Amino acid sequence: MASFFPLVRKDLEASRWPVGILSALIVGYMLLIRFRFPPIGLSETESLAVALSLPLIFLPLWMIWQSFQALRTEWREDTVYTLLTLPIPGWQVISSKLVGLWVEYSLLLGVSLVGALVIYGDAVQSGLRVLPSLAWAVRNGFLLYLFSLAVLSAMVVFVQLAYVIGKMVGRLQGLVAIWTLFLSGWLVDRLGLLLEPLFRWMPPLPLHKLFRLDELKQGIVAEWNVAPALGTWLGILALFILTGYLFEHYVEVND
Amino acid sequence: MRIDFHPSQPIYLQIMDEFRRQIATGLLKPGDKIPSQRDLAATIKVNANTVQRAYREMETLGLVETLRGQGTFICQGRGIVEETRNDMLTNLVDDFVRAMQALGLNEETTLDVVKKRFSAMQTTEEVKPK
Amino acid sequence: MNGTSPALMLRNVKKSYPRAEALKGIELALPKGEIWGLLGPNGSGKSTLLKCIVGLVKPDAGEIEIDGNPRSRCTKGQIAFVPEMDTLYRWMTVGQTLAFTSAFYQDWDQRRVAGLLEFMGLDAGQKIRSLSKGMRARLKLVLALARKAPLLLLDEPFSGIDPASRERIVEGIVREFKSDEQTMVISTHAVGDTEQLFDAVVFLDEGTISLQGYAEDLRREYGKSINDLFKEVFA
C-alpha cells in the first residue's frame, strides 16, 4: 500500500499543466462574460448561469478525455514499461489513476465555483437568498458532489476497461475499444435489471429526506428505487476489478 | 594496470601472463600488494569472476597469496622472480625456436641470425640518440 | 531464497506474433552469480525473451522460473529490468525518478544512490527531458544498480549511446555487480569490446539458441574471440 501514494502523486504531477491551463481558461471565460462581453438583456443572475453552465457542461467531457489520456500517455511515452515492470497489483495502477482524476475533477470544480463566487459576488448572494439557508446549500452541494464523483468513477471504469481491452488486441484497437465501451455499458445495464429481484427487499431511498427538500417547500416527496441501480453498480465494480486483472496479467507492451 | 587483450585467448590466462610479465621485469616485487579483484576488474573492465579465476590460479601456482582482510600480495622469496623469469624466457625462446624451425633454419643458422640482429640493433641504438 | 535452484530457468518458452514466431522453444538454466550475454542480431528474439522473463510479454507456452519460483507479481520484485527504450517519465527530475522508483522496491539501497549518481555524472536536479540518450541510459542503470535485485536483465544497454556513456556503463556493471548474490543477463547485437563482461554467452538466432557456453571455453575451443565467433555465426 506504501506504493499507492507515489502512483497517485505521479499522475497528479503529470496533469498539473493541463489542469492549470484549464483553470485559467475557466476563470478567464468567467471574467470575459462578467466584464467584457456581458450577455445583452440578461440580469446579473442569468449571466452567472451562463458563466457557470459552460464549465459545468464541459467538465464531464473533459474528465472522460482525461481518463482516456491518463492511460494513453503511458503507452505513447513508453512509460507503461515502467508500470508493468513494477511489482504491484494491476488494480493499484488503475485505481491510482481514478483517485488522481477525482482530485483533478474536484480542483476544476472548485475553481469554477470559487471563481463564480469571487467574480459574481452579489449575484451569487442574491441567488442563495432563494435557498433556505447557506448550510442547506453547502450540505446539498456536497451531496451532489459525492453523487457526481460516483458517476465520474463509473465513466472512468468504462473508459479504462475499453482502453485496456483495446491494448490487448493487435489491430483495430480503437474499434475494439469503442465496442467495449458500448458493450460494457449495455452489460451493466442488463445486469441491473437481471439482479433487480435480488434487491427488491431494499426500501427506496428517500431523496426528500436526504436533501431536506421540505425546507425548500413543504410536502415534496422524492424517492429513488435503488434495486435496479445496485446491480448496475455491482457490475461496474466487477468491471473495475476485471480491468485491474487484465492490466496485470494480460496487457503486453508493443514489440 | 592496462592490459591489451587478445580476446581470442582465454582472458584469465592473459591476466596471469600480465602479472608474470610484471614480476619478471621487476615492476612487481615480492611482497608487493596487487589490486583487489574488484578494483582490477573495474580498471580493466573485465567480469569479476574472470579476475577471480586468474587470482585463484595464481594462488595455486604460488605466485600470489591472499591475507585475510589485508589483500593479495606477490609471494615472498623462494626465487619467485627467477622462476617467473625463467618460465617466460623458456616460453619466449620456445616460440622463437619453433618459428625458426618452421622457416627451415637449423641451430647454427638461427644463432648466426640472432648474432647478426643483435649487432645490427646495437648499432641503431648507438646511432639513434644523435 | 533457494540455494539449489538456478537463478533463471526457461523451459520450452514460445512466443508468436501475427507477423513472426519470435521464440521457438527456449531452454536455458542460468546458475547464480554469473553474467550472461544474450547475443543475436536485431529481431532474433532477445528483447522478447527478456520481456517474457519480466512479464511485459506473456509467452504462449513454456515455463519461466526465477530462483525456483514461477513468474508472478512477486518475481517482478526480484528482477531489475533495464529496457532499451526510454521508459522514464520525461517531466520528472533525476531525483524524482529515483524517489518514485524507490517506493516500489524493498531491495532499494538508498546508501548506494549518491555514489552511483556521482560515478555516472548525474545530478539529482536534472530534468529527464534535458538529458542526452547516453545520460538517460546511465540513469536507467543507476535505477537497477541501486537495488540488490537477485536478477538483473539489461536489454541492449550499450546501443546507440556515446562512447563515454558506454564506458561508464561497462565499468558500472563490472564495479557494482555482486557475484555472490546477483545474476545478470545482458542482451546485445554488437558484441565489440563488451565480450570481457560475460561469463557465458547464448547466441540467439531467429528465436532459437544456436550456440551457448562459457566464454573462456568457447575462446579456447574455437581459438576465436566471442566477437569473431558472433560475426561468423551470424554472417
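**Contacts between the chains and domains of a predicted model**

Trainee: How many residues of chain B are in contact with chain C, and how many residues of chain C are in contact with chain B?
Mentor: This is a predicted model, and the answer is a count on each side of one interface, so contact is taken here as heavy atoms within 4.5 Å. On that basis, the numbers are 18 residues of chain B and, facing them, 24 residues of chain C.

Trainee: Which residue of chain C meets the side chain of B:K45 in a salt bridge?
Mentor: The rule finds two salt bridges across the interface of chain B and chain C. In the one that involves the side chain of B:K45, the N to O distance is 4.0 Å, and the partner is C:E167.

Trainee: Which helix of chain B gives the largest share of the side that touches chain C?
Mentor: Between chain B and chain C, eleven residue pairs are in polar contact, both residues being at pLDDT 80 or more. At least two residues of the side of chain B that touches chain C come from each of helix 1 (11–24), helix 2 (37–44) and helix 3 (48–60) of chain B. The largest share of that side is four residues, and the element that gives them is helix 2 of chain B.

Trainee: Turning to the other partner of chain C, what area is buried between chain A and chain C?
Mentor: Here 28 residues of chain A are in contact with 26 residues of chain C. Carbon and sulfur atoms give 58% of the area buried between these two chains, and that area is about 2700 Å².

Trainee: With which residue of chain C does A:E252 form a salt bridge?
Mentor: Across the interface of chain A and chain C, the rule finds two salt bridges. For the one formed by A:E252, the closest N and O atoms are 2.9 Å apart, and the other residue is C:K15.

Trainee: By class, how many nonpolar, polar and charged residues has the side of chain A that touches chain C?
Mentor: The interface of chain A and chain C has twelve residue pairs in polar contact, counted with both residues at pLDDT 80 or more. Helix 1 (4–14), helix 4 (80–85) and helix 10 (227–249) of chain A each supply at least two residues of the side that touches chain C. By class, that side of chain A has 13 nonpolar, six polar and nine charged residues.

Trainee: Within chain B, which three residues supply more of the area that domain 1 buries against domain 2 than any other three?
Mentor: The domain assignment of chain B gives domain 1 (11–74) and domain 2 (80–127), and seven residues of domain 1 are in contact with five residues of domain 2. The area buried between these two domains of chain B is about 620 Å², with 80% of it from carbon and sulfur atoms. Of what domain 1 buries against domain 2, 59% is supplied by B:R20, B:I23 and B:A24.

Key:
Residues are numbered from 1 along each chain as its sequence is written. Chains are lettered from A and ligands numbered from 1 in the order in which they are written. This is a predicted model: local features need pLDDT of at least 70, side-chain atom pairs count only at pLDDT 80 or more; totals for chains, interfaces and linings use all residues. Side-chain values use heavy atoms; hydrogens and water are left out. Domain bounds come from an automatic or database domain assignment. Buried area is the accessible area (1.4 Å probe) that two parts lose on being put together, summed over both. A polar contact is a pair of N or O atoms within 3.5 Å; within protein, one must be able to donate a hydrogen and the other to accept it, and residues adjacent in sequence count only if both atoms are side-chain atoms. Ala, Val, Leu, Ile, Met, Phe, Trp, Tyr, Cys and Pro count as nonpolar, Asp, Glu, Lys and Arg as charged, and the others, Gly among them, as polar.
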